[in-house]
Amino acid sequence: MTLPTLPTTAEQLAGPMLPAPFAVRAKRRDTVDTWTLALEPCATDTFPFAPGQFTMLSAGGHGEVPISICGDPDHPERLVHSVRAVGLATQAICETQPGEVLGVRGPFGRGWPLDAAEGQDVVIAAGGIGLPPLRGAILRLLARRERYGRLVLLYGGRSPDQLMYADELRAWADQGLEVLVTVDSAGPEWLGHVGVVTRLIALAELEPARTVALSCGPEIMMRFVVAGLTEVGVQPPRIHVSIERNMQCGIGHCGHCQLGPTLVCREGPVYPWSQVERLLAIREL
Ligand SMILES: Cc1cc2nc3c(=O)[nH]c(=O)nc-3n(C[C@H](O)[C@H](O)[C@H](O)COP(=O)(O)OP(=O)(O)OC[C@H]3O[C@@H](n4cnc5c(N)ncnc54)[C@H](O)[C@@H]3O)c2cc1C
């Protein structure tokens, strides 16, 4: 009888709880409080991931936080994150400079159901910092453009200067993504739509029976997006949302991200709306 090999090195013992060193290679400011960092692994060559997955990211001793991977899944040699500085950990991550090293664990969670959406129209509804978790999906959809029907992005921000990836929105439109953008409020220089993102749903003239929807943003926004989509006939199982919960381990052990019977870090963060609607309606969860 052969005995199982037991973990011996610190790396084996720590497993997915041990952060790997990644060097910051490039840094760009997107909005007043949001930065996009491109990282490269110091110890491995690539970091394969599925669009919609996240990592646990840390800078120095300032804590570890879940951040969606927003890079191109066809280029896993670069790990890209867009981070809004809202507190200690995210502030420290945003302050890192090219050449400095961050800790990365992951990738974790389940991503967007892009394979299942093949042959369908895909509508993406994002609000504010909800666009980064969808960026990898957009890049993947555009890279396999011929496998899908219409590709539509409905994107809303608080004001024009809060919109993420302004240059890329134009480039994506040139590649076949129908891009509709709105802001809550704007000065006279803004010539686009003003109003909440749900207003764009009617303009998109969707064919509900062949539409798959992906949405990320504040929970209240996703609720209204789902209401707007179901109103035009898109069935809840065809609508997928990415939800945020307080996370610590990322691997389904600590239970911090429990939402009823599901652990968001492991079974999410992407869920069909039909699976989480009832759970999100319960305040205590
Ligand atoms: C799966 C997942 C993916 C995420 N992807 C991204 C991303 O791509 N980019 C990004 O900038 N952020 C993302 N977040 C949110 C990010 O994890 C939080 O902003 C971060 O944990 C805040 O930590 P902090 O120590 O900087 O701030 P804290 O001091 O912990 O919090 C500062 C403020 O932010 C609020 N906050 C804390 N955690 C969250 C949270 N999870 N959601 C909403 N508000 C929160 C607090 O209530 C407080 O008001 C994601 C969260 C999850 C769960």
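## Glu 189

In this predicted model, Glu 189 has a relative accessible area of 62%. A residue counts as exposed when that value is over 50%, so Glu 189 is exposed.

Glu 189 sits in a loop. Along the chain, 29 residues separate Glu 189 from Pro 160. In space, the C-alpha atoms of Glu 189 and Pro 160 are 9.7 Å apart.

## Helices, strands and contacts

The protein chain contains 15 strands and eight helices. Contacts between residues at least 6 apart in sequence can be sorted by how far apart their partners are along the chain. Of these contacts, 69% join residues at least 24 apart.

## Overall dimensions

How does the radius of gyration of the protein chain agree with that of a compact globule? For 285 residues, a compact globule would have a radius of gyration near 19 Å, and the protein chain has 19 Å, so the two agree. The C-alpha trace spans about 60 × 45 × 40 Å along its principal axes.

## Surface and charge

Of the 285 residues in the protein chain, 49% count as buried. The accessible surface of the protein chain is about 13700 Å². Carbon and sulfur atoms account for 54% of that surface.

The protein chain carries 24 positive and 30 negative charges. The mean position of the positive charges and that of the negative charges are 3 Å apart.

Key:
Residues are numbered from 1 along each chain as its sequence is written. This is a predicted model: local features need pLDDT of at least 70, side-chain atom pairs count only at pLDDT 80 or more; totals for chains, interfaces and linings use all residues. Side-chain values use heavy atoms; hydrogens and water are left out. Helices (H or I, at least four residues) and strands (E, at least two) are DSSP runs, numbered from the N terminus. The radius of gyration is taken over C-alpha atoms; the globule rule is 2.2 Å times the number of residues to the power 0.38. Buried means under 20% relative accessible area, exposed over 50%, partly exposed in between (1.4 Å probe, protein chains only). Contact means heavy atoms within 4.5 Å. Accessible areas come from the Shrake-Rupley method with a 1.4 Å probe; for residues, only the protein chains shown count as cover. Lys and Arg count as positive and Asp and Glu as negative; His and the chain ends are not counted. The place of a charge is taken as NZ of Lys, CZ of Arg, CG of Asp or CD of Glu.
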